[in-house]
Amino acid sequence: MTKPMFDTRQVRRAFSRSAAGYDVVAGLQRLVESRLLESLEYLDDPALARKPPQRVLDLGCGTGHASMLLQQRWPKAEILSFDLALPMLRQARHAAKPAGRWLSNPFARTPLQVCADARQLPLANASIDVIFSNLCLQWVEDLGAVLNGFRRVLRPQGLLLFSTFGPETLWELRDAFAQADRVPHVSPFVDTAGIGDALINAGFFQPVVDRDEEVTRYPDLSALMHELRALGATNALTRRRHTLTGRGRFAAAADAYDMHRTDAGLPATWEIISAMAWAPEYGAPIREGGVDLVSIPADSIPIRRRR
């Protein structure tokens with residue numbers, strides 16, 4: 001049996017530990033979130049003649065910041081905030097308590113928090129109008145399977161909008177540790193072409209995939225590693241070293257990383273990939289294991305009655 005790429009328990013532990021202080025260090029995450037939320041303005045185009053969504057899923061909601069903004073955009077919608085780490089949901093619940101005071105619409109609801117795994121969504125078929133996911137899917141090994149799950153729960157012509165990290169992310173850190181250690185320290189990431197192909201294979205139509213690059217800077221390698229731990233973005237690869245990185249290895253990596261230093265400090269590159277796509281109508285095939293699977297609602301099948 002092939003060993004999975006990610007240790008899901010480690011992912012859950014890391015984000016659980018980071019929940020209380022996550023918002024303090026999540027500047028990049030908030031920037032990407034704001035850009036992703038701007039994409040929703042496309043739904044306001046009168047030419048689309050689309051009704052406001054009734055049920056919206058914020059997958060990998062973290063501390064619930066985007067969930068509250070989604071609730072503000074669609075006050076009457078049911079916002080579902082899903083996350084793998086229960087402490088993150090506790091933070092989201094705490095943040096949502098005053099929502100009724102700052103939402104101007106008196107009929108506004110508050111997001112519903114659910115502890116769930118993106119790979120096994122506890123949702124009925126065709127029950128979601130919009131799936132919003134900010135920087136969550138980089139922790140998923142089988143992107144195609146997860147996209148098939150998204151398509152299952154989306155209603156026909158439902159919107160999928162997500163961001164994730166691309167393969168250029170933290171390349172400086174990856175190269176630095178490669179010179180000091182044979183064990184991987186940075187996760188592999190899917191590129192734009194791979195994401196586009198996965199969306200098409202899952203049956204989504206009109207996919208649009210964009211790429212941006214951001215660079216953050218740090219005084220030294222220790223400061224970068226501290227921020228990654230505070231974000232919960234620690235090494236969760238199953239092939240990671242399960243003991244502490246020794247002083248010698250860390251010093252060698254720090255020396256290698258220092259080759260990239262500029263007057264502004266040590267750079268850390270983040271390749272941001274965002275994607276938008278639409279769920280197809282009933283009857284469009286899903287490609288799974290080399291086989292086209294078709295799902296249609298039972299009540300749409302005509303029944304001929306014998307006389």
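**Reading a predicted chain**

Guide: Buried residues account for 46% of the 307 residues in the protein chain. Keep in mind that this is a predicted model.

Visitor: How many helices and strands does the protein chain have?

Guide: The protein chain has eleven helices and nine strands.

Visitor: Now a helix pair. At what angle do α10 and α11 cross?

Guide: Start with the idea: angles of 65 to 115 degrees count as roughly perpendicular. Here, helix α10 spans residues 221-231 and helix α11 spans residues 247-257. Their axes come within 10 Å and cross at roughly 105°. The two helices are therefore roughly perpendicular to each other.

Visitor: Which residues meet there?

Guide: From α10 come L221, S222, L224 and M225. From α11 come F250, A253, A254 and Y257. By class, the residues of this contact are seven nonpolar, one polar and no charged.

Visitor: Let me try a strand. Where is E214 found?

Guide: E214 is in strand β6, residues 205-218.

Visitor: With which side chain does the side chain of E214 make a polar contact?

Guide: For a polar contact, look for a pair of N or O atoms within 3.5 Å. The side chain of E214 makes one with the side chain of R35, at 2.6 Å. Set aside the neighbours within four places in sequence, and E214 is in contact with L28, L31, R35, A268, T269 and W270.

Visitor: Is L135 buried or exposed?

Guide: The cut-off for buried is under 20% relative accessible area. L135 has a relative accessible area of 10%, so L135 is buried.

Visitor: Where does L170 lie, and what is its phi?

Guide: L170 lies in the loop between β5 (154-165) and α8 (171-178). Its phi is near 55°, a positive value in a residue other than glycine. At 8% relative accessibility, L170 counts as buried.

Definitions and conventions:
Residues numbered from 1 in each chain as written. Predicted model: local features only at pLDDT ≥ 70, side-chain atom pairs only at ≥ 80, totals over all residues. Heavy atoms only, no water. Axes fitted to C-alpha atoms, helices over the stretch in contact; angles between N-to-C directions. Helix = DSSP H or I, 4+ residues; strand = E, 2+ residues; numbered from the N terminus. Parallel < 35°, antiparallel > 145°, perpendicular 65-115°, else oblique. Contact = heavy atoms within 4.5 Å. Nonpolar A, V, L, I, M, F, W, Y, C, P; charged D, E, K, R; others polar. Polar contact = N/O pair within 3.5 Å; in protein donor to acceptor, adjacent residues only side chain to side chain. Buried < 20%, exposed > 50% of the residue type's maximum accessible area, 1.4 Å probe, protein only.
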